Amino acid sequence: MKTMYEEPPVTAPRSAGEPVVEMRDISITFGSVRALDNVSLRLLPGEVHALMGENGAGKSTLIKALTGVYSIDSGTILVGGEDHRFSTPAAAQAAGISTVYQEVNLVPNLTVAENMLLGREPRRFGGIDVRAMNRRARSTLERLGLDIDPRSTLGDHPIAVQQLVAIARAVDVEARVLILDEPTSSLDTDEVVKLFEVMRRLRDTGVAVVFVSHFLDQIYEIADRMTILRNGRLVEERMVAATTQLELVKLMIGRELEVLDRLDRQRARTHEDAVPVLQAIGLSRKGSLEATDLSLYDGEVVGVAGLLGSGRTELARLLFGADTADHGSLEIRSHRRRLRSPRHAIDRKVAFSSEDRKAEGVIGDLSVADNMLLALQASRGWLRPIPQATRNRLVAEYIEALDIRPADPQALMRNLSGGNQQKVLLARWLITEPDVLILDEPTRGIDIGAKAQIQAKVAELAERGMSVVFISAELEEVLRLSDRVVVMRDRRKIAERRNEGVSISDVLEIIAGESRAEESPHD
Amino acid sequence: MSTLTAPVTTSLWDRVRGFSPPARFLPVIVTFALFVGMFGAGGVRYDGFADPQVFLSLLLDNSFLIVLAVGMTFVILAGGIDLSVGSVVALSTMIAAKTLQMGWSPYLSIVAVLAVATLLGTLMGLLIHYFEIQPFVATLAGLFLARGLTYLISVESIPITDATFSELAFKTIELPGGYYTTWAVVIAIATVVVAAYVLARTRFGRTVYAVGGNEASALLMGLRVAWVKVGVYAISGFCAGLGGLLFALYTLSGYSLHAVGMELDAIAAVVIGGTLLTGGRGYVVGSLIGVLVLGTIQTFISFDGGLSSWWTRIAIGVLLLVFVVVQRLMTRRQT
């Protein structure tokens, strides 16, 4: 029994004193990608510290650097003033740094007590002392104010309780630092309240709690301080109370309100009487999207803006049939369609390029040519191979049009840079000559040059009559390309504007403003 | 019965009636009920089936399979599979027969068998963990290797004539009521008891469940994943060696064609015993009952006389299918 009960004195103000963990100038490189670039983080005893940033900002990498899952290339990690570098999660745990990862990862078939003490069970005569184990588990649970029978089977409890048990497990090791990575993503409101109660309790006993969440309102409810990351860099460390939501969103997305050179292209004509090529009416799916309407006309780019978790990807997946909708309908060229699978969508000339290109798009061990022709071949059916001459012509054409490097159709996909992989994926769908192209984060994690090329290509396609849904976390991009902008938040569409004189700050205000409306006392 | 507990407000019967076992024991209970039901049906149908000695023979004829199933339970609980155990049984009988023929002390011979079998298991475990080879492939290689080594020692069957082995094989243990059993059964039951203790009451055992449940999380929980993953194959190897020794006692010979396909019987017994094939869920007691269920099917057929012995295989196949489907339904309900 060390640290936890000795400090801080009850009278000391919270968030005072020496940092329990200080990470200085941490850098990590994966291959050619700099995942963290001179990032620093301070955790004080007795605070809830929010780690903020969009996807790919480096939050998880920073956590894993601290807990010994990744090794750091440079920088120092001080724990209680001493230099530490953990090589395994177990070593970090032994030093009082406990982590509860996003998914509940305990063993459902064992009891609550067994889960809490797995790997450090009290022993007697070489075997596990079950009574002592249950006793210890019960006292820890009580300390957290949780009424859970330690002898019950973990899997019999709802996910929320399992999550709390995971936290109890993390706390049982006399944690000085407790890292909670998205603990609330699968909890409902009451359960979040319970979780926050436990977090406050721990904070008051002097634990530094690190809280990662995409829900801004939760950050404002529970966190004292926050560190904001963007693109693997530290943006700022701030007191939560001294930062408005608008400021926070700006810091996370990170565009100064600089004047942007708009792409010189003709905006799509008005379409009062036109028939939409794709129309979603009240499309919804439980737990991923609330009822949403969306119309898409020929030759237009509709940008979708919103923070991570706002429902933008979910919308795209529903439009493509990758997920099936619970309610609402989808009309393609005013025919009502039920998309049960992506195959249906492809047959109706709707194409979708996923945000997760590693898992859902790129096939690393196939050549550039094979990757490009995959969708076309799939839509033709496997019994009708594409003639070799056509293959060569198409591949050469798109390699040139998108400036893919190396310009070698036989190069293995995995050897290409992220930007070039993305271009190949774009080509894959363009080859099928779709009417509707849904692009989810087509420019994430790729360099400026490739970005501009992809943007230009999208603009060109729209001018030739293709309809594009363009989803991006970068507002600048969305505004630059779109004819109309749809703003999403909390899994629903909250605004739709024609992109005439809409500025980044307008969109930010829509995103941030919505929450203020929610906080107003009328409900 | 209720008269005995009269002063208590809730009678024993009420408590029995109100008792519901945790869901995690359900598969084992189902298997046990199946076994009791089958044995009862046999007793009604055939004369002499219900004799306790039939039950004891069940243990006697399947002692080696019980030991194999115990080892297999560890491996499957940890999320793996071990296809090599049948071949290792054959290799073990052959090593025992050959060394005894060469005039080794029976004790030295036993140690040699167990050491070789454990070593083989450990090697496969190391391959599986450190080279990330699929357990199916690594142990398939082990299957061929062990069978091949058996042929290398001798193609012919070698009889075991050693006095100690013969005595162990034939000596019976008298039980009250005129029943008897053998040392092989005692060893098999002892293996089950030790294994059950290890799985339920040691850190190693608990970690086996955690690794089988989700290996990545087990690692993040700071558990000794490598130790357990290699350990279960070492245990399975040891059990295959021990099972081989029991099989040598049963047949008093070493032969390269012994125990062909026995690994599949062991896997079937484990699955029928309620252990989830994907790991993390199950009990060694279940595997024991699983073996008994398989044995009962065989006893049925030998009592009937009119049925072809291939009905054993068909019955096992059907049972296996039913259990896997039941398991799938149960886990689906929970997730």
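Chain B has a mean pLDDT of 88, and 92% of its residues reach 70 or more. The model is predicted. Over residues 1–8 of chain B, the pLDDT is below 50. Beyond near neighbours in sequence, this stretch has 4 contacts in the model. Where pLDDT is low, the predicted coordinates should not be read in detail. Among the elements of chain B, the lowest mean pLDDT, 68, belongs to helix α1 (residues 12–18) of chain B. The highest, 97, belongs to helix α4 (residues 63–77) of chain B.

Helix α4(B) packs with helix α9 (residues 183–201) of chain B. The angle is about 15°, and the axes lie 8 Å apart. Angles under 35 degrees count as roughly parallel, so α4(B) and α9(B) are roughly parallel to each other. The crossing of α4(B) past α9(B) is left-handed. From α4(B), the contact draws on B:Ser63, B:Ile66, B:Val67, B:Val70, B:Phe74 and B:Leu77. From α9(B), the residues are B:Ala184, B:Val185, B:Ala188, B:Thr191, B:Val192, B:Ala195, B:Val198 and B:Leu199. Of the residues in this contact, 12 are nonpolar, 2 are polar and none is charged.

Chain B also meets chain A. Here 20 residues of chain B are in contact with 26 residues of chain A. About 2100 Å² is buried between chain B and chain A. Carbon and sulfur atoms give 56% of that area. B:Arg203, B:Leu220 and B:Met221 supply 36% of the area that chain B buries against chain A.

Key: Residues numbered from 1 in each chain as written. Chains lettered and ligands numbered in written order. Predicted model: local features only at pLDDT ≥ 70, side-chain atom pairs only at ≥ 80, totals over all residues. Heavy atoms only, no water. pLDDT = per-residue confidence, 0-100. Helix = DSSP H or I, 4+ residues; strand = E, 2+ residues; numbered from the N terminus. Contact = heavy atoms within 4.5 Å. Axes fitted to C-alpha atoms, helices over the stretch in contact; angles between N-to-C directions. Parallel < 35°, antiparallel > 145°, perpendicular 65-115°, else oblique. Left-handed = near helix turned anticlockwise from the far one by under 90°. Nonpolar A, V, L, I, M, F, W, Y, C, P; charged D, E, K, R; others polar. Buried area = accessible area lost by both parts, 1.4 Å probe.
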